[in-house]
Amino acid sequence: MIFKDIWLDIKAVQERDPAARSALEVFLLYQGIHALIWHRFAHWFWRHKMYFIARLISQIARFFTLVEIHPGAQLGRGILIDHGCGVVIGETAVVGDNCTIYQGVTLGGVGTQKGKRHPTLGNNVMVGAGAKILGAFEVGDNCSIAANAVLLKPLEDNVTAVGIPARPVKKDGVTIPKVKKSATIEEYQALKEQVRRMEEQIRLLETLLAEKEKEETTP
């Protein structure tokens with residue numbers, strides 16, 4: 001099973017990376033593949049509760065590949081980690097089949113409590129260079145996360161998200177129109193009352209300042 005997954009990862013690189021010329025070249029020279037190979041063995045030890053050996057393997061892989069994948073993370077088949085430097089995948093992260101992850105990506109957690117705290121990616125998800133996906137939520141199938149985006153909320157299937165924080169800009173290939181949020185009557189009244197109070201305070205301060213200046217100038 002492990003060797004089949006490794007072969008599918010190599011084929012994924014050949015299919016999705018135009019620079020890849022042969023399976024042998026990918027196997028020998030691509031650090032993203034090396035990181036996945038190390039991880040698949042480390043994850044086997046992790047599932048069999050040999051945690052120290054699993055962590056040792058993952059740390060060795062991190063030293064040689066600059067890709068840090070926690071041995072507890074669950075990775076699907078046909079994954080492409082392109083370039084790879086700086087990729088971090090947390091313990092409870094789940095990555096579906098045929099996902100593409102570029103350099104500098106973080107699948108991280110928020111908070112210090114144990115349990116599920118890292119994101120779950122569906123199938124065929126593309127995560128651009130430098131993007132951060134933080135939290136225990138799901139990203140649907142066929143989603144694209146733009147480079148340097150910071151995603152903090154779940155996404156439905158077939159969504160493209162950009163920005164900090166990331167927001168959906170396309171759904172099923174169709175641009176999502178921006179929604180202009182107008183203030184409610186309650187918000188307008190609260191703002192009006194706040195301005196009124198500020199004006200009163202300014203008038204009071206002006207009066208006090210004028211009286212003080214008058215006292216100073218009186219012989």
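Predicted model: local features only at pLDDT ≥ 70, side-chain atom pairs only at ≥ 80, totals over all residues.
**Ground rules.** Local features need pLDDT of at least 70 and side-chain atom pairs count only at pLDDT 80 or more, while totals for chains, interfaces and linings use all residues. Residues are numbered from 1 along each chain as its sequence is written, and side-chain values use heavy atoms, with hydrogens and water left out.

**Cores.** I looked up nonpolar cores, meaning sets of buried Ala, Val, Leu, Ile, Met, Phe, Trp, Tyr and Cys residues joined through side-chain atoms within 4.5 Å. Buried is under 20% relative accessible area, exposed over 50%, partly exposed in between (1.4 Å probe, protein chains only). The largest core has 31 residues, and Ile 89, Ile 133, Val 139 and Ile 145 have the most contacts inside it. Helix H3 (31–47) and strand S14 (159–162) each supply at least two of its residues; helices (H or I, at least four residues) and strands (E, at least two) are DSSP runs, numbered from the N terminus. Apart from this core I found another, of 10 residues, including Ile 6 and Tyr 30.

**Strand S14.** Next I looked at pairing, which needs at least two DSSP bridges between two strands. S14 runs parallel to strand S12 (residues 144–145), with 2 bridges, and Ser 144 sits opposite Thr 160. With strand S15 (residues 167–171), S14 runs antiparallel over 4 bridges; Val 159 has Lys 171 as its bridge partner there. S14 and S15 make a hairpin with 4 residues between them, and Gly 163 in the turn has a positive phi of about 100°.
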